[in-house]
Amino acid sequence: MEHIPSAAEGSDAEVPHPSGVRDLKRLRADAAAQLTSDGVTGPERRRRLTALVKRALVAHWNEAAGPAEGIALGAVGSLGRGDAGPLSDLDLVLLHDGKTQSKDALAELAQRLWYPIWDAGLELDYSMRSLTECRQVASKDLAAAAGLLDIQPVAGDDTLVAQARAAIYQDWRAASRKRLPELLAASRARAERHGELAYLIEPHLKEARGGLRDYTSLSALSATWLTDRPHGVVDAAGEHLRDVRDALHLVAGRPVNVLGRHLADDVAAHLGYGDPDDLLASIADAGRTVAYALDQTERGARRSLERSGIGSVAWKARRLSKAPRHVSVAEGLIDVDGELALAPSADAKADPLLPLRAAATAATTGLPFTPGLLDAMQNAPDLPEPWPEAARTHLRDLLRGSHHLVAVWEALDLHGLAVRWVPEWAGVRNRPQRSPIHRYTVDRHMIETVVIAAKHRRDVPDQDLLFATAWVHDIGKRAGSTDHSIDGAALVPAIGARLGWSPQFTADVETLVRHHLLLSILSTTRDAEDPATVGELLDALGHREDLLVTLRALTEADSHAAGPKVWTTWRASLADTLTAKARAALT
Amino acid sequence: MKLVTAIIQPHRTDEVRAALEAAGVKGVTVSEAAGYGRQKGHTEVYRGAEYTVDLVPKTRLEVLVDDADAATVTEAIVSAAQTGKIGDGKVWTVPVDDVARVRTGEHGADAL
């Protein structure tokens, strides 16, 4: 096979050219395999594959178009961004100035360009547009506009591509007020259709929320100049998703984007994962990072739009009459235009309670954290063990803040605070659940259970016992666990000791975690009329009615959180019957 | 061929499945069901309130069998599901004109 130079290696003269695009499909696949076996991974491999494809296209252009004027070949999509995978489509634009070449000449050229690409077995997404048409299409079609933001010259008149790129960026920024909601609506529509990347057993790497399309949208958002986008871990997450996509393409032998179960083992092995669950956990982590970054960037863009005064007249009038809103909402915390920020006078490095206080405040008010506050929370000192009363109060408020808990916990977890508070959380973090009834990873499932448990807060004598149990009920679902109820219960004493729970509270949580499936199992597999069934249930719960009704509430919340089809009227009826008989036996 | 349908107590499902396996049945469809028979539902007390359970939770099993096996399968279900109490359920058998296995296109007894 040919030598694959790095993109930085310089002139075309150093490498043999493929003859047009005739063998490009094979050459690209061979190059991808060779680069992978040589240990060239990630962005560098994609850069080299992009360079290979572009060289082939230049040769093809020279054969098809020659030194024609007023026309150029541009690349968009992954080829334009320089992250083309081994089987990525070729997204090409034949750009013309609208005057130098006749319509017939352009049509002939298009045929000479596109047909050999199709004949070579390559997937081609093509268009032919003048500069003016580019701007017109981009103004009407969001997908086309976002794609054209990535346009890069491949062959022909580079100036033409540069002009198109400059014009499209200018239009994009000018129409940012319109584009922002369109971009976000498109992201939401994708999420509704394809779900969240982090929680799918068979994730759509491209279209799911937190997937590659959302990752690309970050750049489109920042191109509005309304806000910057996060880098660092977000880019690492995006590149990881591209690595998985490339491995999936190579394993499947075709450009599929859904990581099906039948392919997961081979893709995991290709990427060096011993356990496919570890691969899914890594995808979950990347998906959550991208989704959070998109939300963060969206908030930044919205704020800029509001502050810029280019909005409605009414809004401008309101803004002009009021100074920026800085309202103290808790010790060391202020509400700054709808976000929770660190007060200027606060000293995060001397305040171990700050992260929990901020979390509880965010959960109860719904204010999202500013990035600066999250940094400060990360830098706060560790809490003493056992936690002081104030810390437990903040945790209680956090878990009670059901409406906003998912979003708050997502931010806390992505910034390492969940594992700092509960190191046992690391064992279930991003852990996939292969059961088809489950829609979330183990950690997210527990948070969802807390949220749903809030509907039952009035049914139980101690709502905080219900929330605390829901919060950790599957904490034993870690790698290698054979009975997660027993393994989880064994972890509770250490958690309780660290958090400063009372011995009785800890023991009750331990009991409920150990038996959190018991009511469900007994009610569906044993005869509720049989006193032995009732006896087994009550024996497990120490013949305590408060634990019985808490378990009933937990059972329903756990089932609802698992998936929409788990808790049926059939199951509810069985659980209610057994619960009623057990209560009757206690009186 | 026959379709054997059984409505049984949910808590007897595992026993019935084991009995069907022992009888050589290779496949069974299990679904959640609710209904009432002669007992016309019953009353329960939960969270301090008495309420009427009009539709009692049951499990529905469906088994496709060869004509010659229908009686054996029915007896296996009845034996395994029986507790002797009201609400144990029903088993019935109906003739089936044809069966097709979607994957292979086989028909009749070959598709069982």
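In this predicted model, chain B and chain A bury about 1500 Å² between them, and 50% of that area sits on carbon and sulfur atoms. The contact brings together 16 residues of chain B and 19 residues of chain A. Two salt bridges turn up across the interface of chain B and chain A. One that can be picked out by eye pairs Lys85(B) with Asp527(A), whose side chains come to 3.0 Å, N to O. Counting residue pairs in polar contact, with both partners at pLDDT 80 or more, gives five between chain B and chain A. On the chain B side, the elements that put two or more residues into the contact are the strands β2 (29–35), β3 (42–46), β4 (49–53) and β5 (56–65). Sorted by class, that side of chain B is made up of seven nonpolar, three polar and six charged residues.

Chain A itself splits into domain 1 (7–173), domain 2 (178–314) and domain 3 (422–586). Between domain 2 and domain 3 of chain A, the contact draws on 12 residues from domain 2 and 11 residues from domain 3. The C-alpha centres of these two domains are 33 Å apart. Together domain 2 and domain 3 of chain A bury about 1100 Å², with 42% of it on carbon and sulfur atoms.

Four salt bridges cross the interface of domain 2 and domain 3 of chain A. For the pair Arg429(A) and Asp285(A), which forms a salt bridge, the closest N and O atoms are 3.3 Å apart. Polar contacts between domain 2 and domain 3 of chain A come to five residue pairs, both residues being at pLDDT 80 or more. Helix α12 (residues 276–308) of chain A gives the largest share of the domain 2 side, seven residues. By class, the side of domain 2 that touches domain 3 has seven nonpolar and five charged residues, but no polar ones.

A closer look at one residue takes us to Ser523(A), which sits in helix α23 (residues 518–525) of chain A. Ser523(A) counts as buried because its relative accessibility is 7%, well inside the cut-off of under 20%. A polar atom of the Ser523(A) side chain lies 2.8 Å from the backbone oxygen of Leu519(A). Beyond its neighbours within four places in sequence, Ser523(A) touches Leu574(A), Ala575(A) and Leu578(A).

Key
Residues numbered from 1 in each chain as written. Chains lettered and ligands numbered in written order. Predicted model: local features only at pLDDT ≥ 70, side-chain atom pairs only at ≥ 80, totals over all residues. Heavy atoms only, no water. Helix = DSSP H or I, 4+ residues; strand = E, 2+ residues; numbered from the N terminus. Buried < 20%, exposed > 50% of the residue type's maximum accessible area, 1.4 Å probe, protein only. Polar contact = N/O pair within 3.5 Å; in protein donor to acceptor, adjacent residues only side chain to side chain. Contact = heavy atoms within 4.5 Å. Domains from an automatic or database assignment. Buried area = accessible area lost by both parts, 1.4 Å probe. Nonpolar A, V, L, I, M, F, W, Y, C, P; charged D, E, K, R; others polar.
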